[in-house]
Amino acid sequence: MLKKEHNELLTQTGPGTPMGDLFRRYWMPALLAEELPENDCPPVRIKLLSERLLAFRDTQGRYGLVDEFCAHRGVSLWFGRNENCGLRCPYHGWKYDVTGQCTEVPSEPSGSEFSKRIKLKSYPLIERGGVLWTYMGSPDKQPAPPEWEFANVPLTQTISTKRLQECNWLQALEGGIDSSHVSWLHRADLNTDPLFNNNRGNQYNLGDMRPVFEVVESPGGLYIGARRNAENGNYYWRITQWVMPNFTMIPPRGGHSLHGHFWVPIDDENCWTWSYEYHPTRPLTVEEVKAVREGKGIHAPADPKTFRPFANKDNDYLMDRAAQKAGKTFSGVIGFGMQDSSLQESMGPIVDRTKENLVGTDNGIIMMRYRLLIAVKALTDKGIAPPGIDAVHQKIRSAAVILPPDQPFKEAAKEAFIAKPEVAPASI
Ligand code: FES
Ligand SMILES: [Fe+2]
């Protein structure tokens, strides 16, 4: 359970809010690179952290993320003409470059300096791993570009998708670190989904429905360990990584690609669920890429323009009661991604955490909230930068390992938590 004021503190990320200030210390995924496929292509509207922005790519291939609205009289620049190294408002022709600087006010006399005094709010936008990242904080605190392994391997080894999720970012994240639900909600899919099937880990997952959770702090967030019984008294450990504030990495299975999420607030009642899929040491196979494109694994089939999933709350997520009854799916909804989203959205846009009854398997969630609250307070009161910004906090991996009962996973799997190029992930 969380006090009302803490629930509000953690779920509100608009400009000037404490949690909004915290989010504005990190690079966040903003768009897929394929949304701006070529120079002078149409601009894209994007809302992030409750700010309405416009992304565009100019004649020289430079990316810009600027205020959506023209400084003259507030027209949406989405209607603009993207030409000759700038975006021109179609109303009266004011023109802006990728930094938001106004470069032309055609109605002013020639030689006028007026346009120099006009600048739209703007944020940097850079490409890493097929994703366009932005940093929305103050320029003097801008960190080095993101170091996540999935964003820095060759493009043949990585693919990301995004989808709209119609609830607050925090309840989506809470689903991501709650690995106890996998044995229930996703049980019917573990052995059939092409990105999850055929590995020993699944058998341990399905064979022990009472996992024991052990959550310990990591440099950038938490290691969330879930322990299940394996052979000969040993334990099968699945260790999820959560890195502040909104990155998770799911423990791997067999030789499959690795995956995880970012949940990026759109506003307080919606978020972008980003899902990455990569392999540290080999290109993704044709089958893997096809499965991702079809919305298998943690991805979900979605409208390519709006990124709203085809199964959504307006059609009850295509609930199939017969499949639910027959055990083909546990909840009646198809696919890991929509199984998660449907239940998280069903809690309402911002769940009332004063009414929860948490149990032992919610320890990861409890500690995550606690770490966030501590970090927000340290940032607000003392200006202390939150964890998760340093490269060393980002060059990490999750792990799945079998350990003897007397070995604490934090020590025994220490090396497996570090992303080292050329080293295969620790996976069962
Ligand atoms: S509103 Fe954009 S130029 Fe007038
Ligand atoms: Fe899930």
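Author: Gly176, His181, Val182, Ile250 and Asp340 lie nearest the centre of the largest cavity, among the 26 residues that line it. Several elements give two or more residues to that lining: strand 12 (158–165), helix 4 (169–176), strand 15 (235–243), strand 16 (247–250), strand 17 (258–267) and helix 9 (336–346). Helix 9 provides the largest share, with five residues. Helices here are DSSP runs of H or I with at least four residues, strands are runs of E with at least two, and both are numbered from the N terminus.

A word on the basis: this is a predicted model, in which local features need pLDDT of at least 70 and side-chain atom pairs count only at pLDDT 80 or more, while totals for chains, interfaces and linings use all residues. Residues are numbered from 1 along each chain as its sequence is written, chains are lettered from A and ligands numbered from 1 in the order in which they are written, and side-chain values use heavy atoms, with hydrogens and water left out.

As for volume, the largest cavity has about 310 Å³. A cavity here is a set of points, on a 1 Å grid over the protein atoms alone, where a 1.4 Å probe fits but cannot get out, and lining residues have an atom within 4 Å of a point. Grid points are joined across faces, edges and corners, and the volume is the space filled by probe spheres set on the points.

The lining of the largest cavity divides into eight nonpolar, 13 polar and five charged residues. In this scheme Ala, Val, Leu, Ile, Met, Phe, Trp, Tyr, Cys and Pro are nonpolar, Asp, Glu, Lys and Arg are charged, and the others, Gly among them, are polar.

The whole structure holds four cavities of 30 Å³ or more.

Finally, the cysteines. With a disulfide taken as a pair of cysteine sulfur atoms within 2.5 Å, the count is zero. The sulfur of cysteine 167 has its closest cysteine sulfur in cysteine 271, 5.0 Å away, which is too far for a bond. Cysteine 167 is buried, at 0% relative accessibility, and cysteine 271 is buried with a relative accessible area of 0%; buried means under 20% with a 1.4 Å probe, protein chains only.

Conventions
1 Å grid on protein atoms, 1.4 Å probe; cavity = no way out; pocket = protein on both sides within 12 Å on 5 of 7 lines; lining within 4 Å. Buried < 20%, exposed > 50% of the residue type's maximum accessible area, 1.4 Å probe, protein only.
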